[in-house]
Amino acid sequence: MKSLSIRIISSVESQKPYIAMMFIQFVYAGMALFSKAAIGAGMNPFVFVVYRQAFASLALTPFSFFFQRKKDPRPSFCLLCKIFFASLFGITLSLNLYSVALKNTSATVATATANTIPAITIIIAAFFRMEIITLKHYYGVAKVVGTIICLSGALVVALYKGPAVKLVNCNSSSSFHHHQTSHISNDPSNSSPKAVDSVKGALIMLSANTFWSFWLILQGPLIKLYPAKVHLTSLGCWFSCIQSLIVAIIFERNNPSSWKLGLDINLLSVAYCGINVTGMTYWLQAWCIERKGPVFIAMFSPLALVITIIFSAFIWKEQLHWGSIAGALLLIGGLYSVLWGKNKEELTNTTTEEEIKIDDKTKEANELELIDAERQLKCEQ
């Protein structure tokens, strides 16, 4: 019985990272769906980001203050400036562009284009010579081909709709869908998004992903300068909240009513995105990366797209098109090609380093044997 219970416990322990990643993808899918719901119901995108970052900052600050205040040193003024500008070009611009794009595109397109982030990150890293891309090896070809396929899929999602997929009766509506459309129908500008607006929304979403990829690259040098990840994230959220507040005041200074929050979908959305997405998933992702590595995290990205499509089509009656499906398949195929090439490259480099270490140890051992042999020969003489 003991051996059986030990096997069951070890089996459950080994499955925990998979369960955690599935939960994270549900949270990310919910982020796109709730954000679209709030913005589609009339909430200003810039105000949405301010409240979202405020909730995120308030959620992270207690962990940062109580658990790591004695362990981590205070950041210098120079480091604070670097975190400030990293938050400005990464979090603030990315989230504001993401929210603006959601006014003109669907939650499905938003989640689909998120799969371009690994490819865009590799392109930016290669531009700054932080990533080596070579066509001499098969994994280098896989990375290049995967990046091209991924970006092609994003363009298909952005520029081609295609015929509608008839999965559900779009005339029937849930109570939430009726609540959302009742807000939108009162605004003539939101009556039916044109094809041009959809393209514009998808392209803005790609620019938001580009800024997010740039922020991911900046995290490497920042973590080396300040390894306290919780403090770093908390500071980034506070800086982003202040920056987003300034942006929102500039664009919404003549409309004070847009800042009101009631017990409705707007409050639920900003609380969900701030607390769950930034607070909860941060810890889970860090935990999964420690056990399985970053490639394991990225492999689950397409799951959020599948969840978003199901919820959008069957619950919120969002119309799905064959162009979006074709683009999403290209995105997923390109993503896995990039990840496969990256994983093979890391394994090859690790093997090469180990071989070099073994060769060095062998050379040292041979040199020591040669020295011992020379000593023995001198003693005999």
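Which residues line the largest cavity? The legends below take that view first. This is a predicted model, in which local features need pLDDT of at least 70 and side-chain atom pairs count only at pLDDT 80 or more, while totals for chains, interfaces and linings use all residues. Residues are numbered from 1 along each chain as its sequence is written, and side-chain values use heavy atoms, with hydrogens and water left out.

**View 1. The largest cavity and its lining.** The lining consists of T108, V109, A112, V157, L305, I309, L320, S324, I325 and A328. A cavity is a set of points, on a 1 Å grid over the protein atoms alone, where a 1.4 Å probe fits but cannot get out; lining residues have an atom within 4 Å of a point. The volume of the largest cavity is about 50 Å³, a volume being the space filled by probe spheres set on the points, which are joined across faces, edges and corners. The structure has two cavities of 30 Å³ or more. At least two lining residues come from each of helix 4 (107-113), helix 12 (301-314) and helix 13 (322-380). Helices are DSSP runs (H or I, at least four residues), numbered from the N terminus. Eight of the lining residues are nonpolar, two are polar and none is charged. Here Ala, Val, Leu, Ile, Met, Phe, Trp, Tyr, Cys and Pro count as nonpolar, Asp, Glu, Lys and Arg as charged, and the others, Gly among them, as polar.

**View 2. V306 in helix 12.** V306 has a relative accessibility of 43% and counts as partly exposed. Buried means under 20% relative accessible area, exposed over 50%, and partly exposed in between (1.4 Å probe, protein chains only). V306 and T111 are 195 residues apart along the chain, and their C-alpha atoms are separated by 9.1 Å.

**View 3. Aromatic pairs, of which the structure holds six.** The ring centres of F34 and Y272 are 4.8 Å apart and the planes are at 40°, so this pair is tilted. Because F34 lies in helix 1 (residues 2-40) and Y272 in helix 10 (residues 265-292), the pair ties together parts 238 residues apart in sequence. Y272 is buried, at 15% relative accessible area. Rings of Phe, Tyr and Trp (its six-membered ring) pair if their centres lie within 6.5 Å; planes under 30 degrees apart count as stacked, over 60 as edge-to-face and the rest as tilted.

**View 4. The aromatic pair F84 and F85.** This pair is edge-to-face, with 5.5 Å centre to centre and 90° between the planes. F84 is partly exposed at 29% relative accessibility, and F85 is partly exposed with a relative accessible area of 45%. F84, F85 and F239 form one aromatic cluster.

Methods
On a 1 Å grid over the protein atoms alone, a cavity is a set of points where a 1.4 Å probe fits but cannot get out, and a pocket is an open set with protein on both sides within 12 Å along at least five of seven lines; lining residues have an atom within 4 Å of a point.
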